[in-house]
Amino acid sequence: MLQKLRTRLAASEALPQLSFLAVIIGILTGFVVLCLHLLVEWGQKQFLTTADDFESLPPLFRVLLPVVGGLVVGLLIQSFRPENRGVGVVHVMERLVYHQGYLPLRNAVLQFFGAAICLVSGHSVGREGPVVHLGGATGSLLGQTLKLPNNSLRILIACGVSAAISASFNTPLAAVIFTMEVVMVEYSVASFTPVIISTVIATVITRHFTEIDATFRLSSDMVFQQPFPELAYLVLVGIVIGLVATLFIYILEMVTKNVAPKFEIWQRTTLAGLLTGIVSLWVPQIMGTGYDTVNATLMGESVLSVLLMIAIAKLLITPVCLGLGLPGGLIGPILLIGAMVGGAMGMLISEFMPHAKTEHMLYAMFGMGAMMGAVLQAPLAALTALLEFTYNPSLILPSMVVIISAHLIVGSSPWRKHSVFIELMRARGLDYRTDPISQSLRRIGVTHAMEQQFVVLPCDMQKTTAIEALQHEPLWIVAHDQQQNCHLLPASDLARYLQSNETEESINLVSIPAQRQQIIPIYPQATLQEAQELLDKQGCEALYITDKDSKSSGDPSVNIQGILTRHDIETHYRYSSY
């Protein structure tokens with residue numbers, strides 16, 4: 001039964017099977033995210049009266065708490081091997097491109113406890129990045145445990161990522177769009193259904209076990225006035241936030257490339273804690289996720305000077321701390337920055353533009369969406385998030401204006417930037433390949449494209465053995481010698497030789513006239529993209545699919561499941577493109 005599941009999932013479309021797995025991933029991810037939230041909530045309750053209320057702490061405690069937290073999380077990271085220290089959204093994207101979606105368990109464990117320590121100790125980071133990693137790892141580990149083909153791991157990871165975001169943020173639709181637009185960087189119709197299923201399941205679980213309200217609160221009776229001057233003001237807000245987003249990405253990239261490598265890990269994270277503590281003496285609102293500060297702004301409880309001070313402090317401290325290696329997220333902080341800048345712009349517009357009718361609280365909400373869309377280069381995800389934050393469809397049009405304005409600023413010359421996660425990958429010498437050919441090939445497993453009409457024969461054999469093998473009407477013959485080298489030749493070449501040499505009693509498949517080619521192994525979990533890369537690297541024209549146990553036995557002819565040629569790969573690529 002499990003083997004049938006693997007074979008079916010190797011195809012590019014296996015909706016019933018993926019939907020069933022999506023239910024399991026949704027359940028597992030929902031409880032993983034719930035456990036992280038409960039752990040952080042329990043930790044903060046030890047010294048805070050309400051969640052994220054770090055402003056109420058004494059000044060000395062505000063300094064010591066992130067310093068100690070930074071030291072502890074740094075020592076924790078240092079205790080792991082270098083290959084197990086990667087965490088966050090960038091780690092998930094890197095494993096998707098360079099490791100076929102294999103997310104190690106140890107990295108997920110580090111992410112879970114590292115993020116919890118950062119959030120409890122008041123570091124200027126968010127929780128969304130960590131839950132993306134944890135959700136993606138849940139889907140990947142399920143696929144690895146069941147030894148599912150690698151092409152299905154991508155969809156399972158997408159299911160986990162979307163489920164985790166929705167369970168954490170209470171925004172199921174935005175979670176689906178974010179997953180496709182930011183993490184997967186592709187839209188695949190076949191993957192939408194399982195991703196939605198897992199998202200619904202995880203959200204239901206967290207809503208059942210916790211009293212989840214809307215993350216951000218905005219008065220429902222607020223309406224955007226839409227005369228032309230108001231839309232022009234929104235364009236101005238979008239331009240300013242686009243510049244702020246560009247600066248955020250630049251600082252994060254610069255610290256990651258030029259500052260972080262000069263220090264040991266524990267020194268970096270401790271320094272991040274010290275910087276956070278010092279800045280919090282003047283601006284305590286930068287500590288934690290800052291959602292309470294955002295809500296206060298949306299309810300009109302802030303003044304211009306405070307908004308500007310928080311925006312500047314958060315803009316400087318968050319990318320520095322993340323660049324120094326804290327295992328936290330950046331979505332929460334950029335929402336706070338966007339709200340502060342948008343709210344401040346709204347106040348300035350109200351002050352200097354007498355005809356402006358829009359409340360500055362709406363500008364704060366627009367700023368959140370603009371900052372999110374600009375930094376992540378994901379305008380649709382940002383727009384959907386705003387819609388779910390406010391439950392107010394009348395805000396869609398103005399949100400579009402400000403989000404696209406900011407998006408264009410970040411994506412235009414001379415300061416052109418891609419998504420912050422792609423920029424961070426490039427800072428590490430990596431790239432995110434999203435070309436159509438790679439996307440099509442990685443959706444199909446080798447076991448779906450392989451040819452199973454073949455026979456395995458020794459190089460030296462009797463004529464009767466060859467005649468008997470040809471009676472099965474194979475397309476290919478895999479010939480192996482005493483050194484366990486494998487050769488591939490068309491069965492028609494052997495048949496032609498037998499017809500021309502009827503008196504031959506013994507045959508050597510290496511010496512007869514035939515179109516022979518060297519053939520090398522590949523594992524059944526591989527995708528067509530892996531197969532294409534292996535053929536190019538080895539300079540071969542064909543592969544044989546076999547499991548690891550067969551290869552380790554020393555006899556490559558044992559348990560060959562199928563043959564895959566370049567022609568087979570090209571045929572399935574052309575078919576999947578239509």
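1. A residue is called buried here when its relative accessible area is under 20%, exposed when over 50%, and partly exposed in between (1.4 Å probe, protein chains only). Thr270 counts as buried because its relative accessibility is 19%. Thr270 sits in helix α11; helices (H or I, at least four residues) and strands (E, at least two) are DSSP runs, numbered from the N terminus. Taking contact to mean heavy atoms within 4.5 Å, and leaving aside neighbours within four places in sequence, Thr270 touches Val67, Gly70 and Leu71.

2. A word on the basis of this note: the model is predicted, with local features needing pLDDT of at least 70 and side-chain atom pairs counting only at pLDDT 80 or more, while totals for chains, interfaces and linings use all residues. Residues are numbered from 1 along each chain as its sequence is written, and side-chain values use heavy atoms, with hydrogens and water left out.

3. Now the overall picture. The protein has 25 helices and eight strands, and its C-alpha atoms fill a box of roughly 105 × 55 × 45 Å along the principal axes. Of its 578 residues, 58% count as buried. Among contacts with a separation of 6 or more, 75% are between residues 24 or more positions apart.

4. Back to α11, residues 265-280. The expected span of a helix is 1.5 Å times one less than its number of residues, so the 16 residues of α11 should span 22 Å, and the 23 Å between its end C-alpha atoms agrees with that. Its buried residues are Ile265, Arg268, Thr269, Thr270, Ala272, Gly273, Thr276, Gly277 and Ser280. What covers them includes α3 (59-78) and α13 (304-323).

5. Apart from neighbours within four places in sequence, Ile331 is in contact with Glu128, Phe169, Phe178 and Leu376. Ile331 and Met372 are 41 residues apart in sequence, yet their C-alpha atoms are 7.0 Å apart in space.

6. Met372 turns up again where α15 (residues 360-376) meets α16 (residues 379-390). The axes of these helices come within 8 Å and cross at roughly 150 degrees, and α15 and α16 are therefore roughly antiparallel to each other. Besides Met372, the contact includes Met365 and Phe366 of α15 and Pro379 and Ala381 of α16.

7. Finally, have a look at α4 (residues 88-98). Nine of its eleven residues are buried, so α4 is largely enclosed by the rest of the structure. Among the buried ones are His91 and Arg95. The cover over the buried residues of α4 includes α5 (105-120), α6 (128-145), α7 (150-169), α8 (172-183) and α18 (420-427). Just after α4, Gln100 takes a positive phi of about 55 degrees.

Notes:
Axes are lines fitted to C-alpha atoms, for helices over the stretch in contact, and angles run from 0 to 180 degrees between N-to-C directions. Angles under 35 degrees count as roughly parallel, over 145 as roughly antiparallel, 65 to 115 as roughly perpendicular and the rest as oblique.
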